[in-house]
Amino acid sequence: MPRLQLPDAVNVELPEGEPVGAGLPKGAVAARVDGILRDLSYVPTADAEVEAVTSASEDGLQVLRHSAAHVLAQAVCDLYPRTAYAVGPAIEDGFYYDFDLPEAIGKSELAKIDRRMRQIVKANQPFVREEVSRQEALERFSTQPFKVEIIQGLEGADPAGGDVGGTEGGPVSLYRNGEWIDLCMGPHLPSTGKLGGAFKLTNVAGAYWRGDDARPMLTRIYGTAWASQEDLDAHLHRLEEAERRDHRRLGAELDLFSFPDEIGSGLAVFHPKGGLVRRIMEDYSRRRHEEGGYDFVYSPHITKAALFEESGHLDWYADGMFPPMQLDGGTDYYLKPMNCPFHILIYRSRTRSYRDLPLRLFEFGTVYRYELSGVVHGLTRVRGLTMDDAHIFTTKEQVREELGSLLVFVLDLLRDYGLDDFYLELSTKPEEKAVGSDEDWAEATEVLRQTAVAMDLDLVMDIGGGAFYGPKISVQARDAIGRTWQMSTIQLDFQLPQRFDLHYAGDDGERHRPIMIHRALFGSVERFFAILTEHYAGAFPLWLAPEQLRLAPVADRHVGHAEELAARAGAAGLRPFVDDAKETVGKKIRAAQLQKAPYTLVIGDREVESGRYNVRDRGGTEHPDVAFDRLVERLLDEDRTRRLTQSSFEDA
RNA sequence: GCCGGCGUGGCGCAGUCUGGUAGCGCAAGCGAUUUGUAAUCGCUAGGUCGUCGGUUCGAAUCCGACCGCCGGCUCCA
């Protein structure tokens with residue numbers, strides 16, 4: 001009689017042959033038995049430590065979502081006989097299932113599939129696990145080519161560490177709900193009814209079988225599933241929030257930038273307001289770089305092929321480059337996809353001594369990359385972008401200190417732009433090919449690691465994720481609604497100094513090879529612009545706001561006074577705007593709100609007479625009876641500190 | 001690049017299935033109102049319906065190609 005040890009030190013005795021579920025509380029959807037996730041129907045043969053898994057936990061949600069994927073697949077197979085089904089895992093927030101359907105379907109078919117799914121849930125079919133030999137599995141799935149391929153691929157190691165499915169020649173597990181059967185490791189909910197109604201099909205998209213563009217394109221149906229209706233609603237609400245913040249939408253609404261078809265895919269133009277925000281972003285970055293000991297350089301947008309031959313880009317990056325222009329004499333010219341070779345030429349333009357190092361060359365360098373037409377996306381994935389790119393050339397001895405101060409510099413600057421929730425990711429030497437000796441890699445990686453640890457931030461290891469030419473540390477930032485973005489990267493490069501045969505004279509009089517650090521804070525200015533736009537939902541902090549103070553005259557006779565105030569604010573260094581449209585105050589306020597103007601003043605008889613103003617902020621809060629000089633002072637303070645100051649609008 | 005969806009005045013959309021005079025709202029311009037913290041009223045102008053080609057007496061509508069946009073393209077039974 002197996003004895004179950006529950007986490008709260010309760011011992012439960014199970015009669016021989018009883019499933020673990022019998023010993024667990026009602027809310028359980030699965031069980032963790034000696035550390036392995038199991039169905040509630042799993043029958044233990046010996047004493048075991050058992051934990052109930054509910055859909056409130058990550059594990060439980062996974063089980064729920066994976067079961068939802070099976071219900072989806074069953075529904076699709078019911079509605080579309082002759083469907084070949086492939087794989088359907090749980091993913092973040094939901095699930096998907098890939099199908100080869102007898103006909104093309106679009107989003108409009110999802111409602112029908114959803115209805116069928118709900119019928120299956122209502123029928124409350126049990127999920128029944130079976131273990132069969134590989135041979136039998138092949139026979140049972142003889143009409144399902146993807147399943148056959150999966151079974152045949154199961155030779156060798158078991159990727160999931162379960163006890164079924166992996167071992168050579170061993171049994172594989174199947175799950176049946178109703179008439180429908182799938183090859184699956186499980187575990188699953190006890191029955192389809194336990195899925196409940198808190199799911200929604202969200203999307204249909206194409207996806208290559210096994211992600212390989214040489215293999216068939218399948219139809220992938222995405223869904224989201226949650227433990228409760230409230231959770232589902234909250235998730236849908238988050239999606240709406242993300243859509244509300246979408247920089248592509250805000251870019252048009254706030255008149256920041258556009259992508260004219262005439263120019264081409266992935267090529268943006270910044271309008272005056274967006275241009276202003278961008279210029280302020282860049283100016284501040286420039287100032288900080290100047291203070292940080294960077295030298296500013298410029299390089300052209302095109303170059304002869306020879307430069308990218310020497311750098312090696314044409315060998316391994318040609319697909320990402322625009323095709324060459326052939327000029328007279330048969331010379332190929334390329335648009336630059338990267339700035340590094342240019343900065344290297346600046347380094348190499350004269351003999352360098354250790355006294356020149358570290359040499360930090362900075363450029364807002366505009367580069368062009370041939371992104372596949374299907375992946376360009378707003379300002380975050382474009383074909384023409386401006387990198388806040390710098391290359392630092394150091395001696396081996398200086399690297400440690402340089403990296404340390406660099407990371408501090410990076411985080412500090414990002415915080416000034418309003419991002420303050422970070423973690424770091426360290427990418428180490430790739431398995432296959434890599435340049436540089438193992439010692440160099442180990443040392444550089446260790447230096448990066450120590451630098452990261454010193455930051456007191458979470459550090460995630462990305463084993464083998466480095467580029468072949470050096471290890472990398474990247475800063476990941478969470479935005480206002482919790483999404484993470486890869487921001488700055490700091491990359492050591494053992495390769496280019498070799499390829500370009502860079503050297504410097506040491507204090508020993510010998511020639512030495514410098515080490516090169518690539519680093520970008522924004523990555524791409526355009527992408528950073530997009531991230532900030534979404535982070536702030538278009539309501540840029542005062543120092544970045546294109547328009548800082550909106551003045552709304554009540555009637556024509558007040559326009560003069562508003563313009564005087566605007567002149568005073570402008571002279572003080574603020575960016576005011578007078579809305580002199582012949583409209584009602586209500587309409588002007590609404591317009592100011594929609595444009596996310598940080599502060600709005602209504603100018604009428606009372607104000608002209610008293611010289612005191614009612615300040616409305618974009619949150620809708622009103623601060624009455626403020627003297628204009630005090631307001632200007634207050635806004636300048638907010639502008640200068642780059643954050644909402646606590647200082648009040650009242651006179652001191 | 002591939003799969004699916006889509007492309008109609010500056011923006012958001014209807015009209016496309018079932019071919020027969022291109023419409024609505026916002027924005028814009030003009031006029032009236034001179035207005036007090038999220039939308040005053042009226043009038044006017046603005047579109048070769050993404051582009052090119054085909055079918056047809058006739059194409060926004062049907063067919064094809066191209067351009068562009070949106071979602072997705074190994075979180076792996």
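Which residue stands opposite E425 in β24? The answer is given in point 4, within this note on a predicted model.

1. Basis and conventions. In this predicted model, local features need pLDDT of at least 70 and side-chain atom pairs count only at pLDDT 80 or more, whereas totals for chains, interfaces and linings use all residues. Residues are numbered from 1 along each chain as its sequence is written, while chains are lettered from A and ligands numbered from 1 in the order in which they are written.

2. Confidence. The average pLDDT (the predictor's confidence in each residue, from 0 to 100) of chain A is 89, and 96% of the residues score at least 70. The model has an ipTM of 0.92 and a pTM of 0.91. Over residues 156-167, pLDDT stays under 50. Where pLDDT is low, the predicted coordinates should not be read in detail.

3. Chain A holds 18 helices and 34 strands, taken as DSSP runs (helices H or I, at least four residues; strands E, at least two) and numbered from the N terminus. An open sheet of 5 strands with mixed pairing runs in the order β2-β1-β5-β3-β4; strands pair if DSSP finds at least two bridges between them. Its edge strands are β2 (11-13) and β4 (36-38). Strand β3 (residues 28-33) is antiparallel to β4 over 3 bridges, and V33 stands opposite I36 in β4. Helix α1 (residues 58-79) packs on the sheet, touching β3, β4 and β5 (48-54), with its direction at about 120° to that of β3. Such angles run from 0 to 180 degrees between N-to-C directions, the axes being lines fitted to C-alpha atoms, for helices over the stretch in contact; contact requires C-beta atoms, placed from the backbone, within 7 Å.

4. V460 in β24 is the residue opposite E425. Strands β23 (residues 421-427) and β24 (residues 459-462) pair in the parallel sense over 4 bridges. Helix α12 (residues 438-454) links β23 to β24 in a right-handed β-α-β crossover, that is, a clockwise path from the first strand over the helix to the second with the strands pointing away from the viewer.

5. Of the 652 residues of chain A, 36% are buried (20 or more other C-beta atoms within 10 Å of the residue's own).

Notes: Contact = placed C-beta atoms within 7 Å. Buried ≥ 20, exposed ≤ 12 C-beta atoms within 10 Å, placed from the backbone.
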